[in-house]
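This briefing is meant for a reader meeting the structure for the first time. Please look over the sequence and the model below before turning to the notes that follow.

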Amino acid sequence: MSADGPRGAKPAPEAPWTLESFLAHALAIEEEAALRYRELADQMELHHNPETAQLFGELAAAEAEHAARVRQLIGTRKPPVLMPWQYRWHGAESPEASPYDAAHYRMTPYHALQLALAAERHAERFFAAVAEHAGEPKLKALAQEFAEEETLHAERITAVLVRTPSPPADWAIDFDPPLGLG
Ligand code: ZN
């Protein structure tokens, strides 16, 4: 997966997954997504963009629900511990936006939506690739189902994104950064 860049430590979707390691990965992906969406929803409130805030709030709930379901599937198994770079949003951050450092307070709705869309597509591709390469039928079906869910999320984001004006080219220039964050 060239999109994962020089880190290169991400597990390849074509690697032989066990159901257990796949569920652990899926749980990390869904939990982090829920967290990011809650953050983005708060950000969009600050931007007085209720439509985008509501979308992110709903997506946070959807991802949290999905995480709960995965946790149920994991049950009493002991899933492997994952490293942070194995999560969804790390591959999705666009280099110029780097939204989760100190600059993210000024991210516009347009950029937030683009970031979210990239994260959904990233997860969709990942789950689809696992489904494609999985030999075990249960794992294959589950990965396929997860991929389809991410497709739906991406479509919801796209529907709002097409109505969202792109910001001016100088959006990242901040003449008055908040103290302690700049
Ligand atoms: Zn999603």
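The crossing of helix 1 and helix 5 is left-handed, a term used when the near helix is turned anticlockwise from the far one by less than a right angle, with right-handed used if clockwise. Helices here are DSSP runs of H or I with at least four residues, numbered from the N terminus. This is a predicted model, in which local features need pLDDT of at least 70 and side-chain atom pairs count only at pLDDT 80 or more, while totals for chains, interfaces and linings use all residues. Residues are numbered from 1 along each chain as its sequence is written, and side-chain values use heavy atoms, with hydrogens and water left out.

**Helix packing**
- The axes of helix 1 (residues 19–46) and helix 5 come within 11 Å and cross at roughly 15 degrees, where axes are lines fitted to C-alpha atoms, for helices over the stretch in contact, and angles run from 0 to 180 degrees between N-to-C directions.
- Helix 1 and helix 5 are therefore roughly parallel to each other, as angles under 35 degrees count as roughly parallel.
- On the side of helix 1, the residues making this contact include Phe22, Ala26 and Tyr37, and on the side of helix 5 they include Leu142, Phe146 and Glu150, contact meaning heavy atoms within 4.5 Å.

**Zinc site**
- Glu63 (OE), Glu120 (OE), Glu120 (OE), Glu150 (OE) and His153 (ND1) coordinate the zinc ion at 2.0 to 2.6 Å; donors are N, O and S atoms within 2.8 Å of the metal (3.2 Å for Na, K and Ca), and water is not among the atoms, so sites may look incomplete.
- The spacing of these donor residues in sequence is E-x56-E-x29-E-x2-H.
- Because Glu150 and His153 are three residues apart in helix 5 (residues 137–161), about one helical turn separates them.
- Glu150 is buried, with a relative accessible area of 0%, and His153 is buried too, at 4%, where buried means under 20% relative accessible area (1.4 Å probe, protein chains only).
- Leaving aside neighbours within four places in sequence, His153 is in contact with Leu59, Ala62, Glu63 and Glu120.

**Confidence**
- The chain averages a pLDDT of 78, and 69% of the residues score at least 70, pLDDT being the predictor's confidence in each residue, from 0 to 100.
- Confidence is highest in helix 5, at 95, and lowest in helix 3 (residues 88–92), at a mean of 55.

Notes: Helices (H or I, at least four residues) and strands (E, at least two) are DSSP runs, numbered from the N terminus. Buried means under 20% relative accessible area, exposed over 50%, partly exposed in between (1.4 Å probe, protein chains only). Angles under 35 degrees count as roughly parallel, over 145 as roughly antiparallel, 65 to 115 as roughly perpendicular and the rest as oblique.
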